[in-house]
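Trainee: Could you walk me through how to read a model like this one? I would like to go from the overall fold down to single residues.

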Amino acid sequence: MPLIIKLLAQRIALGLLLLFLVSGLIFAGTIILPGDVAQSILGQSATPEALANLRAELGVNEPALQRYFSWLGGLLQGDLGTALTSGRDIGESIAQRLSNTLFLAFWSAIVAVPLAIFLGLLAVRFINRWPDKLVSAVTLTSISIPEFLIGYVLMFYFGVKLGWFYPTATAFIHDGPLLDKLEAIALPAATLTLVVLAHMMRMTRAAILNVMQSAYIETAELKGLNGFQVIFRHAFPNAVAPIVNVVMLNLAYLVVGVVVVEVVFVYPGMGQYLVDSVAKRDVPVVQACGIIFAAVYIGMNMIADIVSILSNPRLRHPK
């Protein structure tokens, strides 16, 4: 077996093993959640007999290990289970929510990734000069402010005071024109962009600065190439691996870390669905959302590892 195929198979196997371990942690975490789903469904006036009958009907009285393997078997067959509070199929409920979350994450990434790489290159080109200091100051400020605060500030000024955009994303139109959808998600997308922009920009800057210390960069400069030519033609291609890693991590965050932003803007996505289900103690929905978020995060990390292996000869040939 070629070495590259062996390395890729190892990364995929480790990703699947990690997902299996995470599924156990998710299941254990939902078991210890406080509250009673039967009490949540029937209300405070329910009799002990009614509560006991509903718990037996929902299957929450079965041994934890038996419930875990039953849940895991359903996952392997593509069955996410049934919501306890509504009785609806979780897969059908999640499909539209996940589509909304991916739509928001996609347009946030379309703006954030090219802008972060451009600002990183700009900071390297004017290292220790005012463009570098300005970009670093702005990104450090955005990385230091919690996303919910950024969201509320954008909502207040651009949604309430100026009236340029919808203050919340409840006006999201599923089947409407694309421009209407983009207007509805403008503020949550801007919040996510500001949150992930700083990480990607600073990693791009650090990776290129590390490459700029190499001998071949000095040779290129001695040949008379200007600063941008040296950065674009020589430094940037050799700094792709760490940049890809941080981009993939932040793309994973755009999907996994949208919970706070979706709650702030009342956006009908996976994060809002997860929070609502936690409040209702709907354990199967919480487990389904958790395993999907974990799969996305692990998958993005695995893709980053594979791209790093393919783009770096030292990783392809470790000997």
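**From the fold to the residues**

Mentor: Let's start with contacts: of those in the protein between residues at least 6 apart in sequence, 72% join residues at least 24 apart. Keep in mind that this is a predicted model.

Trainee: Which secondary structure elements does the protein have, and how many helices?

Mentor: There are 16 helices and zero strands. The protein has 319 residues, and 39% of them count as buried. Its accessible surface comes to about 17100 Å², with 66% belonging to carbon and sulfur atoms.

Trainee: Which residues form a nonpolar patch on the surface?

Mentor: The patch consists of I145, F148, L149, Y152, V153, F156, Y157, V160 and V260, and together they have about 790 Å² of accessible area. Helix α7, residues 147-161, gives the most to this patch, with seven residues.

Trainee: How should I read the spacing of residues along a helix?

Mentor: Here is the general idea: an α-helix has 3.6 residues a turn, so residues three or four places apart point the same way. Now for the case here: the patch includes F148, Y152 and F156, while the buried residues of α7 are E147, I150, G151, L154, M155 and G159.

Trainee: Is L149 buried or exposed, or something in between?

Mentor: L149, which lies in α7, has a relative accessible area of 39%.

Trainee: What span should α7 have, and how far apart are its end C-alpha atoms?

Mentor: At 1.5 Å a residue, the 15 residues of α7 should span 21 Å, and the end C-alpha atoms are 20 Å apart, which agrees. Do look at M155 too: a kink of about 30 degrees in α7 is centred there, and M155 is among the buried residues of the helix. After α7 comes G163, with a positive phi near 70 degrees.

How values were computed:
Residues are numbered from 1 along each chain as its sequence is written. This is a predicted model: local features need pLDDT of at least 70, side-chain atom pairs count only at pLDDT 80 or more; totals for chains, interfaces and linings use all residues. Side-chain values use heavy atoms; hydrogens and water are left out. Helices (H or I, at least four residues) and strands (E, at least two) are DSSP runs, numbered from the N terminus. Buried means under 20% relative accessible area, exposed over 50%, partly exposed in between (1.4 Å probe, protein chains only). Contact means heavy atoms within 4.5 Å. Accessible areas come from the Shrake-Rupley method with a 1.4 Å probe; for residues, only the protein chains shown count as cover. Patches are made of residues with over 30% relative accessible area and no salt bridge: like charges are joined within 9 Å, nonpolar side chains (Val, Leu, Ile, Met, Phe, Trp, Tyr) within 5 Å. A salt bridge is a side-chain nitrogen of Lys or Arg within 4 Å of a carboxyl oxygen of Asp or Glu. The expected span of a helix is 1.5 Å times one less than its number of residues. The bend at a residue is the angle between axes fitted to the seven residues ending there and the seven starting there.
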